[in-house]
Amino acid sequence: MKKIIYRLLLGSVLFAQPLITSAQDYVPSPENLEARAWFDNAGFGMFIHWGVYSILGDGEWVMNNQNIPIDAYEKLPSFFNPIKFDADQWVQLAKKAGMKYITITSRHHDGFSMFDSKATDYDIIDATPYKKDVLKALAAACQKEGIKLFFYYSLLDWNRDDYFPRGRTGTGIPGRGEGQWEDYIAFMKAQLTELLTNYGPIGGIWFDGHWDQKQWDGKKFGKLQVDWHYDELYGLIHQLQPQALVGNNHHLGVIPGEDFQMFEKDLPGQNTTGWGTPEDQIGSVPLEVCETINGSWGFNLQDRRHKSTQELVHYLIKAAAYGSNLLLNVGPMPNGEIQPEHQKSLLEIGTWLEDYGPTIYGTSKGPFTPKDQYVSTRKGDVIYIHVLDPSVKIIHLEEVPVKIKSILHYDSRKKLSYKQSAKFGLQIDLSPLQMDQTDTIIEVRIASTN
Ligand code: GLC
């Protein structure tokens, strides 16, 4: 009798065991934890927004912004022939810039797949004269150079009938049909399976577009009107490649099953954009901030708002000081080349990192409250103070509760004088220094805190 009960119990346990572990009870695998640690130390990555929209030179939202009818937009792939695309060159550029990984749009909101997908004909193989899988070429080039490759994947789709109910965006695009949401979920699963089986080991999947399905009253977001089936999507990814990191640009706290958290155009906890994730929603997973070099993600011919190299380096430093990587975007042109002005900026950042990389890579956020004039990063018992304003003569910081062994100027190794008191905190005198216009780094060595 006992045996039978045992068998029955065992049977029901086995039977109840879902094929894919639900995201609610998600426990990251050892490979995943290792990948998270790698990501946490990576510091700097390249975001690539590339699609058939680049032909129109007006950013990746052009279909929505110009209300281009589906049948008109569907002509674009027939003009997409990026004969200057060279995956090795892109990867070399990323490496020279000091970037450790690349995240590329596999399918953006326009619904066009930049890879060979059996789940649709609306892809680079079936619909363009180019007929080559650019993700495949990039995956091979990345593999060769030890750069990790992540795929951006849009949840939102302005092209497909089965992206229905539709979201808040793309409402003026003529020709959108009405289909079944379950079909859309099945389509995404089929594509994610392709992305996780045909391109070797993948760094992770970067989801975007969640917010499209949230109610909006013109001021505030309301309820979500669909079920994204994240437990199934995330479970599928973790099952196919346990080390692949899942992130979702939903601007919310971490949802179970996610392995990193991203912040769009804002440092973690800040809200200059209006959609910044609140500080109390920052999770205990690796963080990433994404930003554009100019004002656009996809190629924009008229965008002249190129940030200076100094601004970009400052943002990289600030991201590190907030414990975050920086994913800096390029929007390649329709011929497959990255804009020359952006190449130049990236190479200049790379030159800066050659000298100062140790104060960025592998660091965690510093112990001092970040200020506009100076921020800090930390590696073990060394704190790096990055002075971003060259006019600063004395820095005022919170008291360091452990013994300070030395305070040096990073470049010249010159010792700096300092005072510390419970009342006034730590003050470091920079007056003898020749200040660097971009960043003067001060190295504070403290007694071991282990
Ligand atoms: C926003 C935009 C999208 C872009 C993304 C990058 O979500 O909708 O076009 O890809 O930001 O962070």
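A crossing of two helices is called right-handed if the near helix is turned clockwise from the far one by less than a right angle. In this predicted model, that term applies to helix H5, which passes helix H7 in a right-handed crossing.

The geometry of this pair can be set out further. Two packed helices are described by the angle between their axes and the distance between the axes.

The contact itself can be followed residue by residue. On the side of H5 it involves Ala87, Asp88, Trp90, Val91 and Lys95, which meet Ala137, Leu138, Ala140, Ala141, Cys142 and Glu145 of H7. Sorted by class, the residues of this contact comprise eight nonpolar and three charged, with no polar residue among them.

At the level of the whole chain, the domain assignment gives domain 1, covering 2-362, and domain 2, covering 374-446. The centres of domain 1 and domain 2, taken over C-alpha atoms, are separated by 37 Å. Twelve residues from domain 1 and eleven residues from domain 2 take part in the contact between them.

On the side of domain 1 that touches domain 2, helix H10 (309-321) and helix H11 (340-356) each supply at least two residues. Of the contributions to this side, that of H10 is the greatest, with seven residues. By class, the side of domain 1 that touches domain 2 consists of seven nonpolar, four polar and one charged residues.

Conventions
Residues are numbered from 1 along each chain as its sequence is written. This is a predicted model: local features need pLDDT of at least 70, side-chain atom pairs count only at pLDDT 80 or more; totals for chains, interfaces and linings use all residues. Domain bounds come from an automatic or database domain assignment. Two residues are in contact if their C-beta atoms, placed from the backbone, lie within 7 Å. Helices (H or I, at least four residues) and strands (E, at least two) are DSSP runs, numbered from the N terminus. Ala, Val, Leu, Ile, Met, Phe, Trp, Tyr, Cys and Pro count as nonpolar, Asp, Glu, Lys and Arg as charged, and the others, Gly among them, as polar.
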